[in-house]
Amino acid sequence: MSTEAPIRLFLSGPMGSGKSSVGRAAAAVLGVPFVDLDAQIAIEQGASVRRIFEERGEAEFRRIERETIRRMADRPGPVVIALGGGTVVDWATRRYLLQRGVVVTLRAPVAELIRRLEGARDRPLLVRGDPVPVLTALIEERASAYAECHGVIDTAGRTIESIAREAIAIACERPVVVPLGERTYRVEIGAGIGTRVGDRLRQAGVAGVVVVVSDSHVEQPWAARCREHVAAAGYDAASVTLPPGEAMKTIRSVEAIWDAALAAGIDRQGAVVAVGGGVVGDLAGFAASTLLRGVALGQLPTTLLAMVDASVGGKTGFNHAKGKNLLGTFHHPRFVLCDVDALSTLEPAERIAGLAEIAKAAWLDGEETVAALEHDAAALRSGDRAAMIAAIRRAVALKARIVADDEREDEGRALLNLGHTLGHAMEAASGWQMRHGEAVARGMIVAIRVAQRIGYASDAEVARLERLLAALGLPTDPDRYLGPATFAFVDADKKRRGREVRFVLPGAPGHTRIHPIALTELERLVLGGA
Ligand SMILES: NC(=O)c1ccc[n+]([C@@H]2O[C@H](COP(=O)([O-])OP(=O)(O)OC[C@H]3O[C@@H](n4cnc5c(N)ncnc54)[C@H](O)[C@@H]3O)[C@@H](O)[C@H]2O)c1
C-alpha cells in the first residue's frame, strides 16, 4: 500500500481565532510537537513580534516570518504549527503550506475576536486605533488568502477541544484543495462521504431549490440517496434523470435540466448537484453556469474518470455535431464529494478505464507517484478501496495544482491532454466504441513512442509505461487503430492550431512537455513513414 505522509497541521486565521490554544490541544491529542510561529520567531530573534514590527518594520518581520515557517514546515515528521495571522498572505508561503500539509482556517465574528483579544498588548496591528474597523478591514483584505485552505472551522461558542478534534479530522482526511482565492473548493475523497452533501450545500450558502441531475444508471441508488440527504438538510430537491451515455451529451439534455430547474422555481440561491459520470457532470455544470447567469454547483462523481478528472477544474459543456465538447463554459463547483462507494456499481471495465487518467496524472506528476502506482497496480485493478482512495487523491492533487496555476488552459493545463490527441482520434475513428480511458491509454503509448523517435524518451521509459498500463489492466495496443483515417480526426481536434498540433510529449515521469508539431510530421512519426 502507498504510505501516507505524516500529519502536518497548519492553523491559520486572524488574531484571536484561537490558533495557538487549538494548536496546542491538537498537538497534545496527536502526541506530536507543537510550534507557535510568533513565539518561535520571538525566541529566535530575541525580541517580541511587536518589537520587531516597531523597530524593524512590517516588511522585515514578514521576511523573517517567511523564512522561519519554511524552516519549520520543512522539518521531517509530524507537527502542528499555529501560524501568524498574516503568514498566509504571502502567495508562495501559502501555496507551499498547502502542498506540504493541511491548512485549517479558524474564524469567528469580529466582536468575538475582539472579546478574546481584550487585554492583549502584544498585537502590533491592533495598536493602530479602534480594533473593530482595523480587524474588519484586515479580515476583508485577507479573505482570499484565508479561503485557500483544506477546511474552515467556525469557532464561535465552541470548546478548544472540539475545534481541535475537528481540525485533526480534516488533517487525517486530507481533502484536496483547488486554491482559487475566494472561489477555492475542496475535493473530499472517502467511503460513504456522499452523506455530507447537505452540510456542503449549507456551507456554500445555498438557500433555495437544489436540482439533482443524474442518469438512469446512477439514479438508483446514488441520486435517490443524494436527494434524501438534500431533503434531510431542509432543501427542496428537484430531480432530472437523463438517458445515459455520451450520445446524450447534447443541448437537449441541457434544456431538460434548465426546464426542471426553472419549473421548480430555482433562484440565485439555488444549486445544481451532479450525481454521475463525466457526461452528467459536464451537462449539469453547463446548466449551473447558465441558469440565472450562474448558480452554485456541487459534484458527486460516480465514475473513476469523473472523480479524478471531469469533476475538478471547472470545465463544463456538451457536444455538437461538429465534435465533442465544442460548446461550454468554465464554472467551478463549490464542492466535490468523491464517494468511492459509488464505484461498487460501476462495471469493472469502466473502473479500469478510469485508471488511465490516474496513470496519466502519475506520469505527469513524477517518479514518486509512478512508483506508488506500480506498487498498488494489482490492488487498484481489483478495486481495493484504500488503494483507490490514495490513488484518486494523488491524481486529483496533481490536477488541482495544475488548475490553480493555470485556470484557463495554457501551457500547464494543456499537459493534462497527455494521450488525448491521438486518444480522441482513435476514440472517434472507432465510432466511439472504445472507452475514453482505453483510448487515453493507447494515446499515451503513441505519445511516448513519438517522444522516443525524436529522442525525448528512452526505450526503458517506453517499456515502463507499457508495463504500468498493462499492470492496471489497460490496453497497450494502439497500432491496429492507427492509420490515415485516424488522422482525419486529429485534424478535427479543437486543440490543433492551424496545421500544427500542441502535442503533449512524455519523457521520464515528471518530464512531460508541450511540443508544437506539424500534423504531417506527427503523422509521419506515428505511422513510421518516410
Ligand atoms: N470537464 C472535464 O474537465 C472533463 C474531463 C474529462 C472528461 N470529461 C468528460 O467526461 C465524459 C466521460 O465521463 P465518464 O467516463 O464518467 O462517462 P459517463 O458519464 O458516460 O459514464 C460512463 C457510464 O457509466 C455509467 N455510470 C456512471 N456512474 C456509475 C455507477 N456508479 N454505477 C453504474 N454505472 C455508472 C454511466 O451511466 C455511463 O453509462 C466525457 O463526456 C468527457 O468529455 C470532462
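The crossing of helices H15 and H16 is right-handed, a term that applies when the near helix is turned clockwise from the far one by less than a right angle. The model is predicted, so that local features need pLDDT of at least 70 and side-chain atom pairs count only at pLDDT 80 or more, while totals for chains, interfaces and linings use all residues. Residues are numbered from 1 along each chain as its sequence is written, and side-chain values use heavy atoms, without hydrogens and water.

H15 spans residues 348-365 and H16 spans residues 367-381; helices are DSSP runs (H or I, at least four residues), strands likewise (E, at least two), numbered from the N terminus. The two helices pack at about 170°, their axes 9 Å apart, and are therefore roughly antiparallel, the word for angles over 145 degrees. Axes are lines fitted to C-alpha atoms, for helices over the stretch in contact, and angles run from 0 to 180 degrees between N-to-C directions.

Contact means heavy atoms within 4.5 Å. Residues of H15 that meet H16 include Ile352, Leu355 and Trp363, and among their counterparts in H16 are Val370 and Leu373.

Elsewhere, an open sheet of five strands runs in the order E2-E3-E1-E4-E5 with parallel pairing; two strands pair if DSSP finds at least two bridges between them. Its edge strands are E2 (34-36) and E5 (151-154). Neighbouring strands are turned by 20° against each other on average, direction ignored. E2 pairs with E3 (residues 79-82) over three bridges, and Asp36 has Ala82 as its bridge partner. Helix H9 (residues 160-173) packs on this sheet, touching E1, E4 and E5.

Conventions: Parallel < 35°, antiparallel > 145°, perpendicular 65-115°, else oblique.
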